[in-house]
Amino acid sequence: MKTVHSGFGGAPKLRRAYYGPVALAAVSLAALASTVIAPAVGAQQSGASTMSGGLKEASDVKIIYVGCSAPTTFFWARVTRGAQEAANNLGIQYQYLYPQTSGDVTALNQTVEQAIAAQPDGIAVCGLDPNASHSVIQRAVDSGIAVVLTPPENSITTSPLRDQSLPYIGQAGADEPSGGVLAANSAISRLGSKSIVCTQSQADTTQGVRCKNLLDTAHAQGAEAQVQIVPNDIGQSADIMTNFLRAHPEVDTVVTTNADVAQGVVQAKDQSSRPEVHLVTFDLNDNVLAGVKNGTIDYAIDQQQYWRGYIPVLLLTHYVRYKLAMANNFLTGPNIIDKSNVDAVTNLVAQAIR
Amino acid sequence: MATVASAEVVEAPPRTTSMSIRAALLRPELAAVCGLLLTFAIFATLKPTLFLALPTAITVASTASELGIVAVCVTLLMISGNFDLSIGAIVGFSGYGALYTLRAGYPPVVAILVALGCGVLIGLINGFLVVTTRLHSFIVTMGTMLMIRSLLNVLVQGVPTKLNLDPRLANFIAGPNLGGLRMSLLWFGVLVVVTSVYLLRTPQGNWNYAMGQNRTAAQNLGVPVRAMTIFLFCVSGFGAALLGTLQAARFDSVDGSRGLGLELYVISVIVVGGASLFGGYGSTIGTMLGAFIFAMIQSGLVLSGAPGFYFDGLVGLSLFIAVFLNEWFLRNVDRFRGTPSTNTRASAPQQSSEAAP
């Protein structure tokens, strides 16, 4: 193997074959520097500079937010906006990291490992599968890093207060089991639903939790409820739900756990000649708001993801600086958006806040 | 290679009845026809009232057309020995091409053309990258798929947006104007006819098979492999953009995640339709049948009351059975003819050569 010398004068020229690997290595080093080296510098400084009362300067506090997805999706754009605004308001150092493979807990854990290596004061971790992330989160805690989980691991449906045996100093986000409970209860009380179908995309744990709790709650109240798996493709999901409504004339309410599918169900109601079927959806977008306004969607269940970004950064900063910790989980959802408040929300959706 | 040259020099002998039967048995779509009839018979027996009704025909035709439009175009590419993983991303991207054109104040017709042009342009880039870098098309199009999705997310911040297309134009493109059936069925039919004529009645169609069977031999015999590869990626991009345009018109909205995972459905449909994953064999009529089998299984399972959690699993199992029976059938056709059971697929391009003028 030939040696590649540095410098330009008498050194042999780099062969074209080396350009690719060299460029790749340079990009990798740059990426490593941006995720690992820079935060480490901040952490080294943080021990030295404290205020006169022993409090850590806000500008020395370093928080890393490990999200589940890129900050460019509808949901995470709002989360990261909230987190960034919290960091700006608090005057702290902030960084957002995310796994390249969205929805993969192994990739998420690797990203948490990268965050630990940067030695921040606190890490907010996306709770994709908290059980699967326990060991890596425990490593962070053992390293003296405060952790906030978002959304919460323990639901208020099982324990009303934050479970203090868990390794987090706080938990913030929508209580997904409560979302399923709210969907069932509100459909039965507001819409008089007797038979509900909950649509769920395959392999989506959040949607699965929503549907499971909806089914349990509906069954406990004597209503019928079932799950229908639908693909991500809007055309296919519309056609599947058309046939579902034809095959199940007893079903009077559809709850979609994904806002994109709701649009297909609006069309499915027409195609199956079942316009009387009620439609409830989780999460917001332009089309859902338009549907709530024109009555094709009864209401939407929102989780206010801006707060899911803002609150973990606030909790971590106040814990690092003042050792404050909430006794309960901070729940950002579920909330109902219907005709009474849809106008107020519409502008905020356009501004990427709701 | 014989398949290329034969289009010009071989005169087909007069056809006897046994040769016609043999030719029919060797058609790539024969197993798919049997699969379609079997699927239809099963669900028509299980749920006759619901399955044999117009709304079912509408949903089956809708799903089959939307998937089939992309699958037919990708079939041409797959026969040539390539595959395009970026089709799903193109579906999402083309919708935004239309949206931005409309927002810029151009007429809706221009927006549609821009949407289709986006697909062709991305196909052009894919094809150019494949022939210049000589990397496998899976790798190249995986890269472009990720880049397009990323660009899409950066541009739109993941926000699904209302398109506000002229309702008359949207209805003309994607409305239920064919006795309740959607216009996508018409566009699908046109594509199947055009691509079938291309494959079976043009020298370029023959080149397509030749490239998939032996790329080097095809090139040595004068097939413009590079130009053909670029052309076929453009066709694939066009098909994906057409679906993106149809869905944008049908739902009057665009969404950055649209088309996510579409490539797997497209592969399923093409393989069920009898095409080879390794190139050199297949037909767009078979792909059309594959799309209808897929749509029929999906609709039939819902109408039969398949439990929600088992739904995807049952669709997957049905597809596996369809492909398995397809392969079994093709292997046994050779036995039926009393010849060694190894070369049925290799014979197919010869069929197309014989059919070519």
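**Exercises on salt bridges and surface in a predicted model**

A:Glu176, A:Arg210 and A:Asp283 are linked in a network of salt bridges. The model is predicted.

**Exercise 1.** Find where A:Gln303 sits in chain A and decide whether A:Gln303 is buried or exposed.

*Solution.* Step one: A:Gln303 belongs to the loop that joins strand 10 (299-302) to helix 10 (305-322) of chain A. Step two: its relative accessibility is 4%, and buried means under 20%, so A:Gln303 counts as buried. Step three: among the residues A:Gln303 touches are A:Glu176, A:Arg210 and A:Asp283, which are linked by salt bridges.

**Exercise 2.** Determine which parts of chain A are tied together by the salt bridge of A:Arg354 and A:Asp302.

*Solution.* Step one: the two side chains meet at 2.7 Å, N to O. Step two: A:Arg354 is in the segment after helix 11 and A:Asp302 in strand 10, so parts 52 residues apart in sequence are tied together. Step three: both A:Arg354 and A:Asp302 are buried.

**Exercise 3.** Classify the partners in the salt bridge between A:Lys293 and A:Asp343 as buried, partly exposed or exposed.

*Solution.* Step one: the salt bridge spans 3.7 Å, N to O. Step two: A:Lys293 has a relative accessible area of 40% and is partly exposed. Step three: A:Asp343, at 55%, is exposed.

Terms used. Residues are numbered from 1 along each chain as its sequence is written. Chains are lettered from A and ligands numbered from 1 in the order in which they are written. This is a predicted model: local features need pLDDT of at least 70, side-chain atom pairs count only at pLDDT 80 or more; totals for chains, interfaces and linings use all residues. Side-chain values use heavy atoms; hydrogens and water are left out. Helices (H or I, at least four residues) and strands (E, at least two) are DSSP runs, numbered from the N terminus. Buried means under 20% relative accessible area, exposed over 50%, partly exposed in between (1.4 Å probe, protein chains only). Contact means heavy atoms within 4.5 Å. A salt bridge is a side-chain nitrogen of Lys or Arg within 4 Å of a carboxyl oxygen of Asp or Glu. Lists of a residue's contacts leave out its neighbours within four places in sequence.
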